[in-house]
Amino acid sequence: MYKALVKPLLFNLDAERAHHLVFDNLRRAARVPGTQALLRGLYDFQHPSLAREVFGLKFPNPVGLAAGFDKNAALTDELATLGFGFVEIGTVTPRPQPGNPQPRLFRLPQDEALINRMGFNNEGAAAVAARLARRRNRQLIIGGNIGKNKDTPNERAAEDYVACFDALAELVDYFVVNVSSPNTPNLRQLQEKKPLIELLQQVQARNQRRPAPRPLLLKIAPDLTDSQLDDILEIARETQLSGVVATNTTISRDQLHTDGHYVASLGAGGLSGRPLRARATEVIRYLHQQSDGALPIVGAGGIHSAADAQEKLAAGASLIQLYTGFIYEGPALVSRINRSLVPA
């Protein structure tokens with residue numbers, strides 16, 4: 001029904017307007033008695049064999065929703081009805097910010113891809129924390145993806161990450177430090193070894209003061225070289241990271257089917273979707289092999305089918321996340337993947 005009826009309607013709208021329309025309708029539908037039970041019946045497939053424990057947390061299934069879809073934790077209760085094993089909110093910054101000027105989200109249907117330059121648009125850590133405190137479904141595992149405000153200089157970036165950590169520490173189950181978005185000026189410079197170690201050490205120091213420290217992960221770009229990935233592994237050991245999310249969007253525009261002049265006219269932004277599948281899997285496999293499987297990996301990038309999900313897991317991912325595939329394939333993708341993972 002999604003691909004036959006809903007998707008054509010949404011794809012006739014501006015991509016960001018369609019996103020907000022989906023949000024509004026999910027929120028309205030959830031208020032209608034019986035709707036959440038109906039959605040669970042349609043999409044929420046669970047099986048004991050899908051459960052797994054990763055970085056100390058017990059996930060009912062390995063399929064999560066990536067950061068960027070529910071930036072402000074506005075729909076966690078509603079998304080729980082669609083069968084996700086976990087939902088990552090954010091990216092959250094300490095202070096509210098509008099993000100980059102619109103238009104800033106574009107579809108490439110020929111490639112089943114998106115280009116976005118959203119720029120960490122969000123309502124700020126305090127508003128997100130207040131909303132998380134009110135959520136009804138306390139069983140759903142929530143990840144908090146955190147970043148810095150656009151106007152915070154890199155030399156003070158750690159202060160922003162620590163501020164977000166402090167605001168959300170009682171309300172999320174794990175954290176993801178996002179230094180790999182291409183849409184905040186100079187943010188990716190924080191992926192360099194020295195500044196990244198300093199940033200993670202400060203967040204981890206705050207984390208380790210807690211009676212029950214939260215798993216702390218790092219989200220990395222797919223555009224890193226093998227040498228840079230080796231640095232990530234060393235940094236992960238030195239700062240005692242619980243895992244990595246591989247990968248964020250790419251700045252590459254290679255091997256797209258969409259007309260190159262049109263793609264160039266869209267301007268800068270991170271590319272996600274099917275074109276990212278192979279590279280994201282390569283990064284996962286490299287990190288898994290080089291760490292001898294010791295570093296938990298959340299695989300993301302180009303998952304549009306059960307086969308794509310199985311590819312990521314076979315490469316070494318412990319969990320996977322959907323975003324662009326969820327938009328192109330609809331909510332049934334979650335149950336299709338989970339059903340495919342149950343032993344025959």
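## Worked exercises

The model is a predicted one, so local features need pLDDT of at least 70 and side-chain atom pairs pLDDT 80 or more, while totals for chains, interfaces and linings use all residues. Residues are numbered from 1 along each chain as its sequence is written, and side-chain values use heavy atoms, leaving out hydrogens and water.

**Exercise 1.** Say which residues of α13 are buried and what they pack against.

*Solution.* 
- The cut-offs are under 20% relative accessible area for buried, over 50% for exposed and partly exposed in between, with a 1.4 Å probe and protein chains only.
- Helix α13 spans residues 332-341, and its buried residues are Leu-333, Val-334, Ser-335, Ile-337 and Asn-338.
- They pack against α3 (35-43), β3 (63-65), α11 (306-315), β13 (319-322) and α12 (324-329).

**Exercise 2.** Give the strand order of the barrel and then check the pairs around β9.

*Solution.* 
- In general, strands of a sheet pair through backbone hydrogen bonds, either parallel or antiparallel. Two strands pair if DSSP finds at least two bridges between them.
- Eight strands close the barrel, in the order β3-β4-β7-β8-β9-β10-β12-β13, with parallel pairing. Ignoring direction, neighbouring strands of this sheet are turned by 25° against each other on average.
- β8 (174-178) and β9 (216-220) run parallel and share four bridges; Phe-175 has Leu-216 of β9 as its bridge partner.
- Helix α10 (277-290) packs on the sheet as well, touching β9, β10 (243-246) and β12 (297-300), and its direction makes about 165° with that of β12.
- On to the next pair: β9 and β10 are parallel too, again with four bridges, and Lys-219 stands opposite Val-245.
- Both faces of β10 are covered, with Gly-243 and Val-245 buried on one side and Val-244 and Ala-246 on the other.

**Exercise 3.** Is the pair β5 and β6 parallel or antiparallel?

*Solution.* 
- β5 (105-108) and β6 (113-116) run antiparallel, joined by four bridges, and Leu-105 pairs with Asn-116 of β6.
- Their hairpin has four residues between the strands, and Glu-112 takes a positive phi near 50° in it.

**Exercise 4.** Follow α6 from its sheet contacts to its helix partner α5.

*Solution.* 
- α6 lies across β4 (86-92), β7 and β8, and runs at about 160° to β8.
- The α5 (125-133) and α6 axes come within 9 Å and cross at roughly 20°. That angle makes α5 roughly parallel to α6, and the crossing is right-handed.
- Ala-125, Val-128, Ala-129 and Leu-132 in α5 meet Cys-164, Ala-167 and Leu-168 in α6.

**Exercise 5.** Where does Thr-152 lie, and what does its side chain reach?

*Solution.* 
- Thr-152 lies in the loop between β7 (141-146) and α6 (157-168). It counts as buried because its relative accessibility is 8%.
- Its side chain makes a polar contact of 3.5 Å with that of Arg-95. A polar contact is a pair of N or O atoms within 3.5 Å; within protein, one must be able to donate a hydrogen and the other to accept it, and residues adjacent in sequence count only if both atoms are side-chain atoms.
- Leaving out residues up to four places away in sequence, Thr-152 touches Arg-95, Ala-157 and Asp-160.

How values were computed
Helices (H or I, at least four residues) and strands (E, at least two) are DSSP runs, numbered from the N terminus. Contact means heavy atoms within 4.5 Å. Axes are lines fitted to C-alpha atoms, for helices over the stretch in contact, and angles run from 0 to 180 degrees between N-to-C directions. Angles under 35 degrees count as roughly parallel, over 145 as roughly antiparallel, 65 to 115 as roughly perpendicular and the rest as oblique. A crossing is left-handed if the near helix is turned anticlockwise from the far one by less than a right angle, and right-handed if clockwise.
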